[in-house]
Amino acid sequence: MYTFGVDIGSTTSKCAVLKDGTDIVSTSLFVGGTGTRGAAQAVEEALLKAGIARDDLACVTVTGYGRNRFEGADYAVSELTCHALGAHLIFPECRTLIDIGGQDAKVIALNDRGRMTNFLMNDKCAAGTGRFLDVMAGILQLPIGELERYAARAAAPVSISSTCTVFAESEVISQLAGGADTADLVAGICESVAARVASLARRMELRPAVCMSGGVARNGGVRAAMEKALGQNVLYSEHAQLFGAIGAALYGWQKRSA
Ligand code: ADP
């Protein structure tokens with residue numbers, strides 16, 4: 001049985017085709033979130049890659065910030081539920097999930113069946129989200145996917161003292177004007193995001209295994225800084241940005257196979 005998950009985020013649309021609730025048959029990811037053509041493109045590509053048509057799907061589950069604007073879904077489910085299920089499928093030992101997306105960060109506690117049992121969220125401030133990194137990458141004129149390579153080269157990370165994104169932007173510009181090394185600045189920027197989210201995470205009992213999801217998890221600089229800030233190992237999968245879509249597909253399978 002094929003089930004389909006669609007995650008329409010604030011910046012990016014993601015899809016996953018799951019077979020029998022276990023095999024990830026195909027995935028897709030398009031920059032362009034809610035209100036764009038990103039979702040339609042992601043749907044088309046995931047089906048094409050899987051070599052199946054919409055009629056072959058047992059059901060479609062939509063999640064994410066833009067889920068209420070998507071037509072044709074059988075189920076619409078919160079991203080907290082879907083990220084927890086996605087994490088459970090990839091890492092069954094995961095009990096704490098740290099999800100950093102384009103405009104918010106969430107810390108989710110889950111049980112041994114992948115059900116969310118508690119969560120904390122920051123959706124009030126851009127610091128500690130992908131938005132902060134996107135703004136800083138813009139100032140440094142670096143593609144977002146390059147940040148981790150720079151962070152890995154840093155000799156002495158520059159500490160970013162402003163917690164507000166707008167002030168941090170001025171701080172980075174003045175550091176650049178003062179001749180700061182780009183790699184050191186990038187490492188400091190990654191540490192700043194990790195520190196913000198780690199302080200959110202510490203307000204909850206951090207049961208191992210801890211795992212990261214969301215687009216920001218793809219940045220190895222943030223992952224390394226998070227491990228340092230939390231003092232624990234953080235699991236990572238190359239599917240990290242797709243956990244919501246994968247979990248949505250798993251949700252559909254659980255509904256249809258019950
Ligand atoms: P949303 O669901 O809100 O759209 P995502 O979980 O898809 O958020 O994450 C989007 C964020 O991921 C972007 O704001 C960006 O900072 C980050 N990102 C996207 N691609 C990469 C990449 N290749 N490397 C590092 N970070 C990335």
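Of the 45 residues in the largest nonpolar core, I98, I100, V222 and M226 touch the most other members. Such a core is a set of buried Ala, Val, Leu, Ile, Met, Phe, Trp, Tyr and Cys residues joined through side-chain atoms within 4.5 Å. "Buried" means under 20% relative accessible area, "exposed" means over 50%, and "partly exposed" lies in between (1.4 Å probe, protein chains only). Several elements supply at least two residues each, among them β6 (96-100), β7 (105-110) and α7 (220-230). Helix α6 gives the most, with 12 residues. As a general rule, in soluble globular proteins nonpolar side chains tend to be buried together.

Keep in mind that this is a predicted model: local features need pLDDT of at least 70, side-chain atom pairs count only at pLDDT 80 or more, and totals for chains, interfaces and linings use all residues. Residues are numbered from 1 along each chain as its sequence is written, and side-chain values use heavy atoms, with hydrogens and water left out.

Now turn to the open sheet, where five strands line up as β3-β2-β1-β4-β5 with mixed pairing. β3 and β5 (75-76) stand at the edges with a single partner strand each, so one side of each has no neighbour in the sheet. Helices (H or I, at least four residues) and strands (E, at least two) are DSSP runs, numbered from the N terminus, and two strands pair if DSSP finds at least two bridges between them.

Let's follow strand β2 (residues 12-19), where seven of the eight residues are buried. Seven bridges tie β2 to β1 (residues 2-8), and these two run antiparallel. They form a hairpin with three residues between them, and V6 has C15 in β2 as its bridge partner. On to β3 (residues 23-31): β2 pairs with β3 in the antiparallel sense too, over eight bridges. Here L18 stands opposite I24, while A16 has T27 as its bridge partner. This hairpin also has three residues between the strands, and D20 takes a positive phi near 55°.

Next, look at helix α8 (residues 243-257). Buried residues in α8 include F243, I246 and L250.
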